[in-house]
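This briefing goes through one protein model by topic. Please keep the sequence and the 3D view at hand while reading.

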Amino acid sequence: MTVGRGLGVFCGLLLSFGLMASAFADDAAPVGRILLRAGHVLDVKTGTEAANQTIIVSGDKIVAIAATDATPKQAGDSEIDLKSMTLLPGLIDVHTHLTGDTNFDYYHELSTSVAKSALIGARNAKVTLEAGFTTVRNVGADGYADVDLRDAINEGLVVGPHMQVSGPPLGITGGHCDENLLPIAYHLQGGGVADGIEAVQHKVRETIKYGADVIKICATGGVLSKGDDPQASQYTLEELKAIVADAHRLGRKTAAHAHGAQGILWATLAGIDSIEHGSYINDEAITAMKQHGTYLVPTAYLIDWMQQSGHLPEFYQQKMHDVSVVEKTNIKHAIAAGVKVALGTDAAVYPHGLNAHELDVYVNQFGMKPLAALQTATLNAADLMGWTDKVGSLEAGKWADIIAVVGDPLKDVTLLQNVAFVMKAGTVYKNSAAP
Ligand SMILES: [Zn+2]
């Protein structure tokens, strides 16, 4: 499955190489503008699709969007012909695990070193960027491999999206974010395990010390963990309040893995910024989330993928079944009730690069309008990350994170599963239309 896709991406990159080289040919020369000649430009705030526009890029930022007739090429400018395409902001996925592989063999999980997971992350970061996701929030990685991946991308060592990272997620002893595969003789523990007020405060501070942009916690049990119950809350309300208070005081947002209704409610009451998964969300939790402005991050396509292609160990299988039969109904109800949504996928549970399939679920299973679905992956995700000044829409002053598709994504969101052009921070990483 990934082989054919990989070849397509590779060919696209080969085609775009000449173009990238010409745009950045000489470091000593003054940096010229890049004029993206667009068929249409989609404004994700309004749904307007203006024809014959040019996006003017200088350095890593957008400087203006104007009618192509009014933006003649000047000396030093380079042009990219995207007249057959619709341009829109690069997509954002607020729930990835780039340093993780799709592999449910528990020996694989136990035997993957932190160094290996960073290398896996370098591969997945590139795949994710080329799928049109120019920004991700990575919520959970062993040994701070995500911190190093983020820094390596920012330093230009490897190719990937803009990242916010959490490091190891906080969780209780024996909970979803602990490591429960081995008996006591091995003394194996998840890197984010902390119990009690003082311990969770220390763990938040330690996680920030070692490079976390965002604090991820496990508020309830999970599916892909041994011996715990997705419906059971794990942290107490008092522990959750202590975590969120410290994280916010230190300038970090918070994200809670939560399936069960009590954990969703308690995390919301504690002031968490987003609920991840939300499978057993009920009316009480919906009301609280609306009152607090808490985002829901559904991670819904993974259920479809799992039903078609997942081969889970027996102790995960029943939990996956139980969650799958209720999750979509409950999430659909929460969306209809007006809970804010940001797009997240849990990529790693299924192969990286399929992230845009999540949009299809929002539109064709949850009944969202295509523009509303695109907003979950742009404006809403940017708002959740606190990056509204940098990403989420095509506007002067924001990063030049721009993707393009052939056709009208407001008529068919599945077009976003085949992104033809990807620019991140003014650099072209994919252009299938290049001659
Ligand atoms: Zn996850």
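Which residues of strand 12 (residues 402–405) point one way, and which the other way? Ile-402 and Ala-404 point one way, Ile-403 and Val-405 point the other way, and all are buried. The model is predicted.

**Strand 12 and its partners**

- In a regular strand, side chains alternate between the two faces of the sheet.
- Strand 4 (residues 78–89) and strand 12 run antiparallel and are joined by four bridges.
- In that pairing, Pro-89 is the residue opposite Ile-402.
- Strand 12 is also joined to strand 13 (residues 421–424), by three bridges, and these two strands run antiparallel as well.
- Here the residue opposite Ile-402 is Met-423 of strand 13.

**Domains**

- The domain assignment divides the protein chain into domain 1 (2–89 + 393–431) and domain 2 (91–385).
- The contact involves 29 residues from domain 1 and 27 residues from domain 2.
- Taken over C-alpha atoms, the centres of domain 1 and domain 2 are 30 Å apart.
- About 2,200 Å² is buried between domain 1 and domain 2, and carbon and sulfur atoms give 71% of this area.

**Nonpolar cores**

- In soluble globular proteins, nonpolar side chains tend to be buried together.
- The largest nonpolar core has 74 residues, and Ile-217, Ile-275, Leu-359 and Leu-416 are those that touch the most other members.
- Helix 10 (residues 314–336) gives the most to this core, namely six residues.
- This core lies between domain 1 and domain 2, because both of them give residues to it.
- Another core, of 19 residues, lies apart from it, and Ile-55, Ile-62, Ile-402 and Val-428 are among its residues.
- Leaving aside neighbours within four places in sequence, Leu-359 is in contact with Leu-91, Leu-343, Ala-373, Leu-374, Thr-376, Ala-377, Val-413 and Leu-416.

- His-95 and His-97 are both buried.

**Thr-99**

- Thr-99 is in the loop between strand 5 (91–96) and helix 2 (106–111).
- Is Thr-99 buried or exposed? Its relative accessibility is 9%, so Thr-99 counts as buried, the cut-off for buried being under 20%.
- Beyond its neighbours within four places in sequence, Thr-99 is in contact with Ser-117, Ile-120, Gly-121, Ala-141, Ala-145, Asp-146 and Leu-149.
- Thr-99 and Gly-397 are 298 residues apart along the chain, and 31 Å separates their C-alpha atoms.

- Helix 4 (145–154) is mostly covered, with seven of its ten residues buried.
- These buried residues are Ala-145, Asp-146, Val-147, Leu-149, Arg-150, Ala-152 and Ile-153.
- The buried residues of helix 4 pack against helix 3 (114–130), strand 6, strand 7 and strand 13.
- After helix 4 comes Gly-156, which has a positive phi near 80°.
- Helix 9 (residues 301–309) has Tyr-301, Leu-302, Ile-303, Asp-304, Trp-305 and Met-306 buried.
- Helix 10 and helix 11 (357–364) are included in what covers the buried residues of helix 9.

- Tyr-144, a residue other than glycine, has a positive phi near 60°.
- The loop between strand 6 (133–138) and helix 4 holds Tyr-144.
- With 15% relative accessibility, Tyr-144 counts as buried.
- His-187 is not a glycine either, and its phi is positive at about 45°.
- His-187 is in the loop between strand 7 (162–165) and helix 5 (197–209).
- His-187 has a relative accessible area of 65% and is therefore exposed, the cut-off for exposed being over 50%.

Methods. Residues numbered from 1 in each chain as written. Predicted model: local features only at pLDDT ≥ 70, side-chain atom pairs only at ≥ 80, totals over all residues. Heavy atoms only, no water. Buried < 20%, exposed > 50% of the residue type's maximum accessible area, 1.4 Å probe, protein only. Pairing = 2+ DSSP bridges. Contact = heavy atoms within 4.5 Å. Core = buried A, V, L, I, M, F, W, Y, C linked by side-chain atoms within 4.5 Å. Domains from an automatic or database assignment. Buried area = accessible area lost by both parts, 1.4 Å probe.
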